[in-house]
Amino acid sequence: MKLNSTFASARAVTLSAVLCALATGCAHWPATPRLERAGAPGYRLAEVTRPGQSDDMLVVLAISGGGTRAAALGYGVLEELRRTEVMVNGVKRRLLDEVDVISAVSGGTLPATYYGLRGEKTFEEFEAKVLSRNLEMELAKRIVLDPVNWFRLPSGTFGKSDIFAELYDETVFEHATFADLKRANGPFVIVNGTDVTSGARFSYTQDYFDAICGDLSKVTLGRAIATSTSLPPLLTPITLENRGGTCGRKAPAWQAPAEAAIGESETPGRALLRARALQAYADPARPYLHLFDGGLSENLGLTEVLRALELLKVDPDETVLPALRRARRVAVISVNALRFPEVDWDRSAAPPDTGTLRDQMWSIPVDRISLDSVEQVREKLAAWQADAPAGGPGRSGYLAQVTFDSLKDPAERLYFKRVKTSLALPKDQVDRLREVAGRLLREAPAYRRLLVDLNSGR
């Protein structure tokens, strides 16, 4: 009797899986919510405010990709900022409460988004919710053990990253949406992805979603995180419906003069390139948008910082980036979980094998673009500081780096170089990553200068 019952249950599960696969919605990624009018209130930097913050200081935290290694390193920096008190407008405040923007990629999006949503509760929950879990194994179990997914995955319109989005939604973010993220009144979190077709950055903010006439407020955070962590070939792109050109979006006023003056410059600049990329989504021949890992277009989350500093020069509209326009102090903290593992290729007369070269084809451009982004931010901040209006208050720019390359002890540096890129790490590695993150931030020269300037009232 018990055996018959077991077979009956198995048949019921299989039948439900087949019926689910035949249903149109089950083997298809979720629809992208439609936006009726571009420019409507939504998850935009100008609409996200944190009570009590300084009006003349902008703090941007950028957290790189790198799986749980990046998540733990980014979380350790959040912990250090939480421990650090500074004087702001004569009032003692935690530096964490002064963070305005967190731009993150891949594994770095997990602590960034969780803190943006949960705030102080992050420091009670994040370790159990993310860092101590084997997310890769949990994904594998859903693929192998859930009969529904046996039928959904071969459909062509539902991939492994869609399962990951469900996993994040159900077990990490509890189906929270970007509307919930906005209501949380935390820092403005930018989750970054990459357009498969153009290679351009595509971020989960309403400004980007205006271009595809999508309502970001109804999109779940798990789907955004799954986009930024969908590193091929192991994971699949996340697809959005593109209705660009149907919601009245207009190109920014500065774009036409910038296009007309393009002959005076050797390159269009990031601001214009981004404007062109967004305008391209109005092409009716592109009804879908396929996105994968944000690290493939720039792995540190610094692209939006560079774009904002360029936009100041080309867009005279005072309502655009108001916080940056009134700031006299801008601090960028770059959390870089990049590692260069030890290799012995140059000890041999024979070149590396094909598999190794294939891996290097991915990592070389990603790593080099990321390293170059740091230097470009440094240059842009120096130019912004030098461009302070005559007779007005001075400006101060700070670029603090949290990177394993700053470790002085060769043995310790080697240890962290050997921490793999994975969404599952042992507790001792996670704990060491959290500790070293705080220490590297405390020792960063620009960060120390920022603390001295804040506490001295400069």
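**Entry 1: a covered helix.** Which residues in H10 are buried? I found Leu221, Gly222, Arg223, Ala224, Ile225, Ala226, Thr227 and Ser228 buried there. Helix H10 spans residues 221-228 and is mostly covered, with eight of its eight residues buried. I take buried as under 20% relative accessible area, exposed as over 50% and partly exposed as in between, with a 1.4 Å probe and protein chains only. Helices (H or I, at least four residues) and strands (E, at least two) are DSSP runs, numbered from the N terminus.

**Entry 2: ground rules.** I am reading a predicted model, where local features need pLDDT of at least 70, side-chain atom pairs count only at pLDDT 80 or more, and totals for chains, interfaces and linings use all residues. Residues are numbered from 1 along each chain as its sequence is written, and side-chain values use heavy atoms, with hydrogens and water left out.

**Entry 3: confidence.** I checked pLDDT, the predictor's confidence in each residue from 0 to 100. The protein averages 89, and 93% of the residues score at least 70. Over residues 21-25 pLDDT stays under 50, and the model has three contacts there beyond four places in sequence. A contact means heavy atoms within 4.5 Å.

Entry 4: I looked up the second largest pocket and noted about 1,100 Å³ of space. It has 42 lining residues, and the closest to its centre are Asp207, Arg274, Arg307, Leu311 and Val320. Strands S1 (57-63), S4 (99-105) and S5 (188-195) each give two or more residues to the lining, as do helices H9 (206-211), H12 (270-279), H13 (303-314) and H14 (322-326). H13 gives the most, with six residues.

By class, I read 26 nonpolar, five polar and eleven charged residues in this lining. Here Ala, Val, Leu, Ile, Met, Phe, Trp, Tyr, Cys and Pro count as nonpolar, Asp, Glu, Lys and Arg as charged, and the others, Gly among them, as polar.

My note on the method: on a 1 Å grid over the protein atoms alone, a pocket is an open set of points where a 1.4 Å probe fits, with protein on both sides within 12 Å along at least five of seven lines, and lining residues have an atom within 4 Å of a point. Grid points are joined across faces, edges and corners, and the volume is the space filled by probe spheres set on the points.

**Entry 5: Leu78.** I found Leu78 in helix H2 (residues 67-83), buried at a relative accessible area of 0%. Leaving aside neighbours within four places in sequence, Leu78 is in contact with Leu61, Leu96, Ile102, Pro111, Tyr115 and Phe123. Leu96 is 18 residues away along the chain, yet the two C-alpha atoms are separated by 6.9 Å.

Entry 6: Thr122 is in helix H4 (residues 122-131) and is buried, at 0% relative accessibility. Its side chain reaches the backbone oxygen of Tyr114 at 3.5 Å. Next I turned to Asp453, in helix H18 (residues 445-456), which is buried with a relative accessible area of 9%.

**Entry 7: positive phi.** His175 is not a glycine, yet has a positive phi of about 65°; I found His175 in the loop between helix H7 (160-171) and helix H8 (178-183). Cys213 also has a positive phi, near 55°, and is in the loop between H9 and H10.

Note on methods
Polar contact = N/O pair within 3.5 Å; in protein donor to acceptor, adjacent residues only side chain to side chain.
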